[in-house]
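Good morning. I have one structure to show today, and I will go through it site by site. Please look at the screen.

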Amino acid sequence: MAQCCINPSILSADFVNLEAELRRISNADAVHVDVMDNHFVPNLTIGLPVVQRIQAVSPVPLDAHLMIADADRWAPGFADAGVASVTFHAEASIAPIKLARELRARGAKAGMALRPGTAVEPYLDMLPELDLLLIMTVEPGFGGQSFLDLTLPKIRRARAAIDGSGVAVALQVDGGITEETIVRAAEAGANVFVAGSAVYGAEDPAQAVERLRAAGSR
Ligand code: DX5
Ligand code: ZN
């Protein structure tokens with residue numbers, strides 16, 4: 001059985017007690033950090049200085065999801081800060097191949113995200129440049145939204161392309177992941193799952209991580 005990865009999103013955590021909140025999910029595979037700039041998405045969260053502090057105290061590696069405009073300019077700084085995996089949005093990058101190479105050159109895993117309405121096909125030739133492809137399963141910007149089932153065919157097509165290309169690209173989904181929706185996303189081919197409210201909304205976040213991992217592994 002292939003075990004999946006569960007990356008809790010701290011967007012649903014208590015931002016005033018982040019260090020303690022991180023310790024509650026020390027059994028996670030990585031911690032998903034949502035960076036929003038109020039331009040690419042209509043919400044504002046945290047920037048590089050806070051991400052650096054999270055990085056310093058986190059028991060698990062960081063998976064930064066940059067929902068920011070002008071990714072070409074800002075994303076490399078997160079790699080320089082030592083963030084393990086840096087994901088930029090394809091819609092926010094002028095030169096995604098160049099940017100992915102730059103992230104890898106600076107020692108990070110290169111991730112690229114697609115909004116629900118963005119087709120994956122134009123990007124399939126660049127799969128070898130990526131370590132992670134994120135298919136958003138809600139419109140980015142806020143936690144607690146409902147999983148969009150209309151993204152399932154795109155997840156399936158991305159999985160087929162990744163398997164066909166023979167490259168080791170993780171297929172991540174983010175948005176509305178619960179113990180129920182994770183099963184459909186996993187069936188479609190996703191193997192890395194971001195969950196905010198399903199983890200931090202639970203009484204015991206570590207237990208929620210284990211339950212999601214069991215439901216999403218196949
Ligand atoms: C939304 C963020 C997500 C969010 C997921 O734009 O990218 O990472 O925290 O939250 P849930 O799991 O509650 O949908
Ligand atoms: Zn996210």
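Which residues are the protein donors of the zinc ion, ligand 2? Before I answer, note that this is a predicted model. The donors are His32 through NE2, Asp34 through OD, His65 through ND1 and Asp174 through OD, and they lie 2.1 to 2.3 Å from the zinc ion. Along the chain, they follow the spacing H-x1-D-x30-H-x108-D. His32 sits in strand 2 and Asp174 in strand 7, residues 170-174, so this pair ties together parts that are 142 residues apart in sequence. Are these two buried or exposed? Both His32 and Asp174 are buried.

Now the geometry. For comparison, the ideal angles for six octahedral donors are 90 or 180 degrees.

Next, ligand 1. There are 20 residues around it, and those that come nearest are Ser9, Gly141, Asp174, Gly196 and Ser197. By type, the shell divides into eight nonpolar, 10 polar and two charged residues.

Some polar contacts. An oxygen atom of ligand 1 is 2.5 Å from a side-chain N or O atom of Ser197. For Gly196, a polar backbone atom is 2.8 Å from a ligand 1 oxygen. The side chain of His32, also a zinc donor, has an N or O atom 3.4 Å from an oxygen of ligand 1. Taken alone, ligand 1 exposes 380 Å², and the protein buries 100% of that.

Which element gives the most to this shell? Strand 2 does, with three residues. That is what I have.

Note on methods
Residues are numbered from 1 along each chain as its sequence is written. Chains are lettered from A and ligands numbered from 1 in the order in which they are written. This is a predicted model: local features need pLDDT of at least 70, side-chain atom pairs count only at pLDDT 80 or more; totals for chains, interfaces and linings use all residues. Side-chain values use heavy atoms; hydrogens and water are left out. A residue is near a molecule or strand if one of its heavy atoms lies within 4 Å of it. A polar contact is a pair of N or O atoms within 3.5 Å; within protein, one must be able to donate a hydrogen and the other to accept it, and residues adjacent in sequence count only if both atoms are side-chain atoms. Accessible areas come from the Shrake-Rupley method with a 1.4 Å probe; for residues, only the protein chains shown count as cover. Helices (H or I, at least four residues) and strands (E, at least two) are DSSP runs, numbered from the N terminus. Ala, Val, Leu, Ile, Met, Phe, Trp, Tyr, Cys and Pro count as nonpolar, Asp, Glu, Lys and Arg as charged, and the others, Gly among them, as polar. Donors are N, O and S atoms within 2.8 Å of the metal (3.2 Å for Na, K and Ca); water is not among the atoms, so sites may look incomplete. Buried means under 20% relative accessible area, exposed over 50%, partly exposed in between (1.4 Å probe, protein chains only).
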